[in-house]
Each structure stands twice: as structure tokens, then as C-alpha cells.
Amino acid sequence: MFSGKRVLVVGGARGIGRSIVEKFVSLGARLLICDTDTLPNAFNQYRREQVGGAAEAARFAAALRAAGAVAHAYAADACCETEVTALYDAIRRDHGGLDVLVNAHGITHVTPVETMTLAAFRAVVDGNLVGTFLTCRGAIPLLRDAGGGAIVNIASVSGRQGFGKVAHYCAAKFGVVGFTSALAQELAPDRIRVNAICPGIVRTAMWEYLLDEFSRPGETREGCWERICAMIPQREPQAPEEIAEVVASVAAATRITGQAISVDGGMHVAP
């Protein structure tokens, strides 16, 4: 179904995004991998502004091409309007349009609300919710010109329930779920389907940072990981490849739109 289709994965250089790219490559798609080298500030899981995502995307695309895939890398910060506009101008110029958008970008940050700065709150909301808005908005004309397509936004279990010390992240991901539902209604007449996937506990760079932040005094990182995984009713974390499988399935499903699909081992329904 995806043979020759143009698939843009924003945040596709690492983690869940990277596995999503690999899944669509296996299905014959033409991959457009977007990431950023810089973030506006250090309120993120890398604890710095220089994150090297665009350089990693370029290396990833080159490796995929060497293996026979069709893959191209683009540099853009999803929450920068001018960079997103330039991204879509380049995609239209280079590829003539777009068939699927996957928003796999995102940042997190840990701090209680009482001591949270406005700058930290805005950074996390921008890096998750505003970025999703800008990339979705920019994709609409290209998807419409293609006769329809799919948008899949990566939200989180934190978009279904709240967790302490990440209230700004929860607010942003709840926003992604609501935005997805509303956009699906707007774009249904254009045959553009919009869905969200809500992963649970996936051990990527984001969770490596969270383990440092949530470890209790005297607790090892692995001990913290075991304690976190015990929150999952299935008692097992999710793998990036499992999220990628669901993303591809939803992108292919012509009668599914406006949904937030949890892949979290039952966390969002746990008592």
C-alpha cells in the first residue's frame, strides 16, 4: 500500500521516529526524514540546545540509500514557523507533494508546577503541541493535492492521564489528542485521515532522562526502570518497533480517523 508513497517523519532521526522510518521503508515508501540540530533552550531531555538531530537524520538517510531505500533528510525545528514553511516548500519542490505525515518529534522536562518557570512551560508546550500544529497545517495543502492521505501524531499516555512533575508535558500531549480529534473532523471531506498514537513506557533517550529525574535516593537507574515498568498492567514496556507497527497500520486504514490509540500495556485504564 505504501510503495512509492511520500512519507514525512518529523523527528525521524532517533527513538520511536527512527523505528517508524524503518517500518515505512520496509513497506516500500519514499522517506523524508526531518529533524533539528538545535532547540530554543535546554528545557528538554538532552539538557542542552545543541541536539544534533539533523546531522543524525542525514547519516540515517545516507545509510538507508546505501541499502537501496529511497530516503532524504531535511533540517527543521517543528516549532519554528519559518523553518516549517521552508521544509514544505522543499518537499513540494523535490517530491511534488506528500502522502503521509508522521509527527514523532517531542521534548520533555521534569519540574514541579510550583517551581516551574513560564519559559519551561512554554518550551515544552511549543516542542510538542505547537510543533504538531505547525507541521500539520503545512502538510494540509500537499495532502489535499495528492487526493488525500494520512496524518499520525505521536501523543503519549501522558495525553490520557496526568503525572506529577511533568504537568507541562501532559498539558501539551492532552492538547495533541484534542487537536487531532478536531483536525480529523475538518479534513474528513478531503479524504485526509488524522489519528494519534499514545505510547506508554518506551526506553528511548527521553526515558533515559526521566530515569535520572525519577530515581529515588539510593535507587539505581535499573531499579527505577523496574519500578516504573511495574506500573504497566502487562508488566512489560513497549518497544519502538511496536509503536511503528501501529503507526503504519493506522496510516493505511482508510476508515479510521479522529482516534487516539493507546499502545501502553493497559496503563491508561489501570486503576
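Which residues lie nearest the centre of the second largest pocket? Gly148, Gly149, Arg191, Arg193 and Thr254 do, within a lining of 21 residues. A pocket here is an open set of points on a 1 Å grid over the protein atoms alone, where a 1.4 Å probe fits and protein lies on both sides within 12 Å along at least five of seven lines; a lining residue has an atom within 4 Å of a point. Strand E5 (149-154), strand E6 (192-199) and helix H8 (240-252) are the elements that give two or more residues to this lining.

Some ground rules come next. This is a predicted model, in which local features need pLDDT of at least 70 and side-chain atom pairs count only at pLDDT 80 or more, while totals for chains, interfaces and linings use all residues. Residues are numbered from 1 along each chain as its sequence is written, and side-chain values use heavy atoms, with hydrogens and water left out.

Now take the chain as a whole. The protein chain has eight helices and seven strands; these are DSSP runs, numbered from the N terminus (helices are H or I with at least four residues, strands are E with at least two). The radius of gyration of the protein chain is 18 Å, close to the 18 Å that the globule rule gives for 271 residues, so the chain is as compact as a globular protein of that length. That radius is taken over C-alpha atoms, and the rule is 2.2 Å times the number of residues to the power 0.38. The C-alpha trace spans about 55 × 35 × 35 Å along its principal axes. Of the 271 residues, 51% are buried (under 20% relative accessible area with a 1.4 Å probe, protein chains only).

Strand E4 (residues 100-103) shows this burial in detail. In a regular strand the side chains alternate between the two faces of the sheet. In E4, Val100 and Val102 on one side are buried, and so are Leu101 and Asn103 on the other. E4 pairs in the parallel sense with strand E1 (residues 6-10) over four bridges; two strands pair if DSSP finds at least two bridges between them. Leu8 stands opposite Leu101 in this pairing. E4 also runs parallel to E5, joined by four bridges, and Val100 has Ala150 in E5 as its bridge partner.

E4, H4 and E5 make a right-handed β-α-β unit (with the strands pointing away from the viewer, the path from the first strand over the helix to the second runs clockwise). Elsewhere, strand E2 (residues 30-35) and strand E3 (residues 70-75) pair in the parallel sense over six bridges. From E2 the chain crosses through helix H2 (residues 53-66) to E3, again as a right-handed β-α-β crossover.

Gly12 is buried, with a relative accessible area of 0%.

The largest pocket has a volume of about 960 Å³, counted as the space filled by probe spheres set on grid points that are joined across faces, edges and corners. Its lining has 47 residues, with Gln45, Gly106, Thr108, Tyr169 and Met206 nearest the centre. Helix H6 gives the most to this lining, with five residues. The second largest pocket holds about 390 Å³ of space.

Definitions and conventions: Buried < 20%, exposed > 50% of the residue type's maximum accessible area, 1.4 Å probe, protein only.
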